[in-house]
Amino acid sequence: MKKNYLITVFIYLSALLFAICILASCKPGNAQLSAAESTQVKDSVTRLAANIAIDVSKIGPAAWLNYFEDSPDFFMANEGQLVFKDYQSAKSFILNTVVKNISVIKLKWDNIRVDALTPAIASIGADFHEDQVTSTGKTLTYDGYFTGIAHFNGHSWKLRNTHWSIKSSK
């Protein structure tokens with residue numbers, strides 16, 4: 001009888017401990033940013049976008065690599081298709097293909113929207129206009145929309161989880 005009692009007590013205590021763990025994990029965190037924190041994140045990510053446009057326009061397509069997060073969390077989609085599953089695939093394609101085929105890029109952002117999610121994570125979206133000069137001298141023009149997640153890694157903001165879409169010409 002005592003053995004059954006101990007098993008019953010153990011089951012109840014285990015269930016109670018499990019319930020406490022579930023309740024503790026569901027406790028809402030202090031995810032709200034203050035107005036000052038939100039402004040700081042939005043300003044920083046907007047500067048990130050401005051720096052990307054300046055560097056890509058000045059240096060060329062390889063400059064993108066300075067702004068992509070070199071982590072397992074990075075990926076890029078284009079037109080609804082996954083084009084880079086990770087940073088290494090983006091780096092390889094940019095260095096081995098893009099820089100050989102596109103000599104100049106002029107990138108301009110418009111209507112930049114930043115949603116500060118945490119002090120280190122923000123969502124960014126923007127219209128873009130891009131003029132690309134190919135290695136043969138032909139100019140290609142693109143207008144579209146970009147979305148992504150910006151992550152502050154303790155030193156600088158980097159992009160991950162990005163998506164580009166090109167507006168259809170009418």
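The exercises below concern a predicted model and are each followed by a worked solution.

**Exercise 1. Overall make-up**

Describe the secondary structure of the protein and the order of its elements.

Solution. 
- The protein has three helices and six strands.
- The chain has 170 residues, of which 33% are buried.
- Among contacts with a separation of 6 or more, 52% join residues 24 or more positions apart.
- The exposed surface comes to about 11000 Å², with 59% of that supplied by carbon and sulfur atoms.

**Exercise 2. Strand pairing around β6**

In which sense does β6 pair with β1, and in which sense with β5?

Solution. 
- Take β1 (76-78) and β6 (157-166): they pair in the parallel sense, over three bridges.
- To locate this pairing in the model, find Asn78, which stands opposite Trp164 in β6.
- Next take β5, residues 139-152. Its pairing with β6 is antiparallel and runs over eight bridges.
- A residue pair to look for here is Ala150 and its bridge partner in β6, Leu159.
- β5 and β6 form a hairpin, with four residues between the two strands. In the turn, Gly154 has a positive phi of about 100°.

**Exercise 3. The largest pocket**

What is the volume of the largest pocket, and which element gives the most to its lining?

Solution. 
- The volume of the largest pocket is about 500 Å³.
- Its lining holds 20 residues, and those closest to the centre are Asn78, Phe93, Val98, Glu130 and Gln132.
- Sorted by class, the lining residues are 15 nonpolar, four polar and one charged.
- Elements that each supply at least two lining residues are β1, β2 (81-84), α3 (87-101), β3 (102-118), β4 (121-134) and β6.
- Of the elements, α3 gives the most, with five residues.

**Exercise 4. Asn51**

Where is Asn51 found, and is Asn51 buried, partly exposed or exposed?

Solution. 
- Asn51 is found in helix α2, which covers residues 35-59.
- The relative accessibility of Asn51 is 37%.
- Buried requires under 20%, and exposed requires over 50%.
- Asn51 is therefore partly exposed, because 37% lies in between.
- For a position elsewhere in the chain, take Tyr67, 16 residues from Asn51 in sequence; the C-alpha atoms of the two are separated by 9.2 Å.

Note on methods. Residues numbered from 1 in each chain as written. Predicted model: local features only at pLDDT ≥ 70, side-chain atom pairs only at ≥ 80, totals over all residues. Heavy atoms only, no water. 1 Å grid on protein atoms, 1.4 Å probe; cavity = no way out; pocket = protein on both sides within 12 Å on 5 of 7 lines; lining within 4 Å. Points joined across faces, edges and corners; volume = space filled by probe spheres on them. Nonpolar A, V, L, I, M, F, W, Y, C, P; charged D, E, K, R; others polar. Pairing = 2+ DSSP bridges. Buried < 20%, exposed > 50% of the residue type's maximum accessible area, 1.4 Å probe, protein only. Contact = heavy atoms within 4.5 Å. Areas by Shrake-Rupley, 256 points an atom, 1.4 Å probe, with all protein chains shown as cover.
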